[in-house]
Amino acid sequence: MRGWDWMGRRPAAVVAVAACAFAALPAGAGAKVTFKRLSTVNASSAAAVAMARTANGTLHLVFQTFAGRAFSGLATMSISTSGAPGPQIPALSSWATTQPGLVASPTGGLTAFFGAANPSLFSTVWGMSSMNGGSTWGAPFDVRGTGPNEALADAADVTAVMSGATPVLALPHAGNLVIQVGLGPTAANYQLTTPANASMTDADLAVDAATHQVVAGWRSLNGAGGDWLQGAAPISAAQPVPGQPRNALIPSGRDKGAGVYAAYTSDGSHVRLLRYGGGSVAVGAVPGLAAKALGTATGPDGRIWVFWGTDSPSGIAVTRSNRAVTRFEPLQRVNSNAFTLYRLSGDGRLGPLDLFADEIPNANTVVPAGNYYARVLPLLSASVKVKAIKNGTGKVIAHTVTVTVTDAGDAVPGATVAIAGKKAKTNASGVATVTVPGGSSGKATLTVTHAGYQPLTLTVKL
């Protein structure tokens, strides 16, 4: 079946389709976040669940399924734009696949990639496509490229992204990281890692939205080991990640603008965000919360979500950057109830973060490792100025309350500010002014709301 295109159709040549003074809140502030179990997974530092968001905003997942304790095919699931998980849909039966990768076209087409031997015992890297949002899937087709690294039949867990109009695959192979650009006989593949940083364990890919370069992140076990970022397609310099190495380094690109970023910790609790090519910014720390597993995700308008967490005691810190990726919202702390936390991942392109935790949960009975999901809304911040209004005799007859609403320092227009029964909306600079009649002093409750954010409540002294 080689020579088919990446959506499983049969043109003569392989082709591809193009993708797509502040009131700081303490960590843990905000609405309650509840995690829901989605599936049983092969939990590890590798991506047990691959995800891709189609142009209609739906987030699609693909993952291994099991017959008893043996791998036995793939299933898919979707998360709606409102954050509602759909049913699990069988996509492939009776194949012992590796953990898959997933990409999406702007028209809604999906293609999953995985290593496996088919029922005829032919081993290769396969693709499998759906043209109806994952409801049904076509037959697997061979996507293996050519070149010195063609023999990828035992390729381990696959990661896939779209670079412009071209699928790019990460194929960990015999301890080395092999990159394939494109699909089928015309696609080149090459080894990215060198003897100095080989013996890698897990690979993840991200795309620079400005240049379309694909950047890989992985853990090396060779020599001193450590985590690495490197331009993979096209190839550019390998960059060591400072701090304590982790089994998974999960980079993310912005949805617009240059930059690919990954989170790291130097002391196990304080987290920084590193930009590939140079520079980093402090994200923060939550007292008592270790950064065992770290992750990043693409947000809207150039923002990056950062999250980290641990088990024993379970907890996850979550925050989102400003548009320039130079500062962050107040930290939230949520709880996935993990007994053993393997990996955190997510997607935040719609604004909220669709957050996934691969873990074994705390439970009174034996529960297999699962993928748990929650939607986390970003936080607002506000500064407040109160000015008394006096009559001609100097008596206070009202107060003007001026509120500046921001998101990680960026102005938030269109937010609703309410106090003492009076409301106003913030302007383009994030500022709203409310006049509260009456001369009495005391405390009043001020609320700030905006679609897609957690409500903010402050106590104001009049």
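His212 counts as partly exposed, because its relative accessibility is 41%. In this predicted model, His212 is found in the loop that links β14 (200-207) to β15 (214-220). The backbone here deserves a look: phi of His212 is near 70°, a positive value in a residue other than glycine. Leu121 sits in the loop between β7 (110-117) and β8 (123-130), and it counts as exposed because its relative accessibility is 70%. As background, most residues other than glycine have a negative phi, and most peptide bonds are trans.

Ala233 and Pro234 are joined by a cis peptide bond, with omega at about 0°. Pro234 belongs to the loop between β16 (226-233) and β17 (235-240). Another cis peptide bond links Ser312 to Pro313, where omega is about -5°. Pro313 lies in the loop that runs between β23 (304-310) and β24 (315-320).

β22 and β23 pair in the antiparallel sense over 6 bridges, and in β23 the bridge partner of Ala297 is Trp305. Together β22 and β23 form a hairpin with 5 residues between them, and Asp301 in the turn has a positive phi of about 60°. How much of strand β22 (residues 293-298) is buried? Of its 6 residues, 6 are buried, and the strand is mostly covered. In a regular strand the side chains alternate between the two faces of the sheet. In β22, Ala293, Gly295 and Ala297 point one way while Leu294, Thr296 and Thr298 point the other way, and all are buried.

Strand β10 (residues 159-163) has 5 of its 5 residues buried, so it is largely enclosed by the rest of the structure. Thr159, Val161 and Ser163 point one way from β10, Ala160 and Met162 the other way, and all are buried. The hairpin of β10 and β11 has 2 residues between the strands, and Gly164 in the turn has a positive phi of about 65°.

Which residues have the most contacts inside the largest nonpolar core? They are Val405, Val417, Ile419, Leu446 and Val448, in a core of 21 residues. Five strands each supply at least two residues of this core: β30 (396-407), β32 (416-419), β34 (431-437), β35 (443-449) and β36 (456-461). A second, separate core has 18 residues, including Phe307, Ala338, Leu353 and Tyr372.

Ala432 itself has its place in strand β34, and it counts as buried because its relative accessibility is 3%. With residues up to four places away in sequence not counted, Ala432 touches Val401, Thr402, Val403, Val417, Ala424, Lys425 and Thr426. The C-alpha atoms of Ala432 and Ser383 are separated by 11 Å, although these residues are 49 residues apart along the chain.

In strand β30 you will also find His399. Is His399 buried or exposed? It counts as buried, because its relative accessibility is 6%. Beyond its neighbours within four places in sequence, the contacts of His399 include Val386, Lys387, Ala388 and Ile389, as well as Val434, Thr435, Val436 and Leu462.

The largest cavity has a volume of about 30 Å³. Its lining consists of Ala47, Ala48, Val49, Met51, Arg343, Ser345, Phe356, Asp358 and Asn371. By class, the lining of this cavity has 5 nonpolar, 2 polar and 2 charged residues. The strands β2 (49-53), β26 (338-347) and β27 (353-361) each supply at least two residues of the lining.

How values were computed:
Residues numbered from 1 in each chain as written. Predicted model: local features only at pLDDT ≥ 70, side-chain atom pairs only at ≥ 80, totals over all residues. Heavy atoms only, no water. Core = buried A, V, L, I, M, F, W, Y, C linked by side-chain atoms within 4.5 Å. Buried < 20%, exposed > 50% of the residue type's maximum accessible area, 1.4 Å probe, protein only. Helix = DSSP H or I, 4+ residues; strand = E, 2+ residues; numbered from the N terminus. Pairing = 2+ DSSP bridges. 1 Å grid on protein atoms, 1.4 Å probe; cavity = no way out; pocket = protein on both sides within 12 Å on 5 of 7 lines; lining within 4 Å. Points joined across faces, edges and corners; volume = space filled by probe spheres on them. Nonpolar A, V, L, I, M, F, W, Y, C, P; charged D, E, K, R; others polar. Contact = heavy atoms within 4.5 Å.
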